[in-house]
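Visitor: Could you walk me through this protein, one feature at a time?
Guide: Gladly; have a look at it before we start.

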Amino acid sequence: MMTLFGTLLASGTAPLEASYTSAEPNGYMDKVPAAWKGNEQIGIVLYDHVTALDVIGPHYFLGRLAGATIHFVADSIRPIPSENGLVLTPTATFETCPKNLDVLLIGGGTAGTLAAMRDPAMLAFLRDRGARAKWVTSVCTGSLVLGRAGLLNGYRATSHWIGRPLLKEFGAVEVDERVVFDRNRATGAGVSAGLDLALALIQRLRPTEFAQMVQLFAEYAPAPSLDSGTPDHAPPAVLARAQDMLTGFVAGVREVAATANDRRPG
């Protein structure tokens, strides 16, 4: 698919729509029992300067859902630069994405997330698909975009540690947990929590044994070399510097919240 896209892009013709169906023919996931297969439609939302791991991490696990179809959705079929320059390729637009999704997922970032929170087309898409999706999910500050779209009003939710206190600006109930499920809303904390979110979601879509198998394939058994991954564990000086670096983002979210006049029930 990537080669095809590159060829069409070079020739000046972009594909109208593409998708990725798990798993590839004759792949090892084809060997799972028939009862473990499904037909979910999954929409992973992309936008300029999204944090790549917020969407690639969940995709690793969700992409193992044999029979599921994954759509990378953006405003148009064009290369999407992520936060640190990795280019992502959408396979559907806001218009061509299936109307009824089993999973709608959006990641976060900083400046790109603020732009997404101010984008009428993005908000309209999230409201439309989110109204019907079986699961409405986010990673990191993507929950703030869901909040801005009115999809977390009255729901318990989490976010990146810098974004959690801002959730209440959009009617959500802040929860200091790595993954939070409330009815059909599922939100993950910062960046790496996207893996935990997706794995927990797989447990709800497939038998536990399947989720365990996928975790084993990934050898997902975190053992970081440092213990500085949360505000409670980070050295005070490190936390203070990080907070200072993110003051502009916090101010931007509060500005968006102050000008929002269309908070809608989730």
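Predicted model: local features only at pLDDT ≥ 70, side-chain atom pairs only at ≥ 80, totals over all residues.

Visitor: New topic: how much space is in the largest pocket?

Guide: The largest pocket holds about 650 Å³ of space, and its lining is made up of 23 residues.

Visitor: Which of those lie nearest the centre?

Guide: Nearest the centre of the largest pocket are R178, G190, S192, G229 and T230. If you sort the whole lining by class, you find 8 nonpolar, 8 polar and 7 charged residues.

Visitor: Now H71, where is that?

Guide: H71 sits in strand β3, which covers residues 69-74, and it counts as buried because its relative accessibility is 4%.

Visitor: Which side chain does the side chain of H71 make a polar contact with?

Guide: The partner is the side chain of Q41, and the polar contact between the two has a distance of 2.6 Å.

Visitor: Let's jump to L195; which residues is it in contact with?

Guide: If we set aside the neighbours within four places in sequence, L195 is in contact with G57, F61 and Y220. L195 itself belongs to helix α6, residues 193-205. The C-alpha atom of L195 also lies 9.2 Å from that of V139, although these two residues are 56 places apart along the chain.

Visitor: Last topic: what is the phi of R183?

Guide: R183 has a positive phi of about 55°, although it is not a glycine. You will find R183 in the loop between β11 (179-182) and β12 (185-188), and it is classed as exposed because its relative accessible area is 56%, where exposed means over 50%.

Visitor: And E219, where is it, and what is its phi?

Guide: E219 lies in the loop between α7 (208-218) and α8 (236-245), and it has a positive phi of about 45° without being a glycine. With a relative accessible area of 69%, E219 is exposed.

Technical notes:
Residues numbered from 1 in each chain as written. Heavy atoms only, no water. 1 Å grid on protein atoms, 1.4 Å probe; cavity = no way out; pocket = protein on both sides within 12 Å on 5 of 7 lines; lining within 4 Å. Points joined across faces, edges and corners; volume = space filled by probe spheres on them. Nonpolar A, V, L, I, M, F, W, Y, C, P; charged D, E, K, R; others polar. Helix = DSSP H or I, 4+ residues; strand = E, 2+ residues; numbered from the N terminus. Buried < 20%, exposed > 50% of the residue type's maximum accessible area, 1.4 Å probe, protein only. Polar contact = N/O pair within 3.5 Å; in protein donor to acceptor, adjacent residues only side chain to side chain. Contact = heavy atoms within 4.5 Å.
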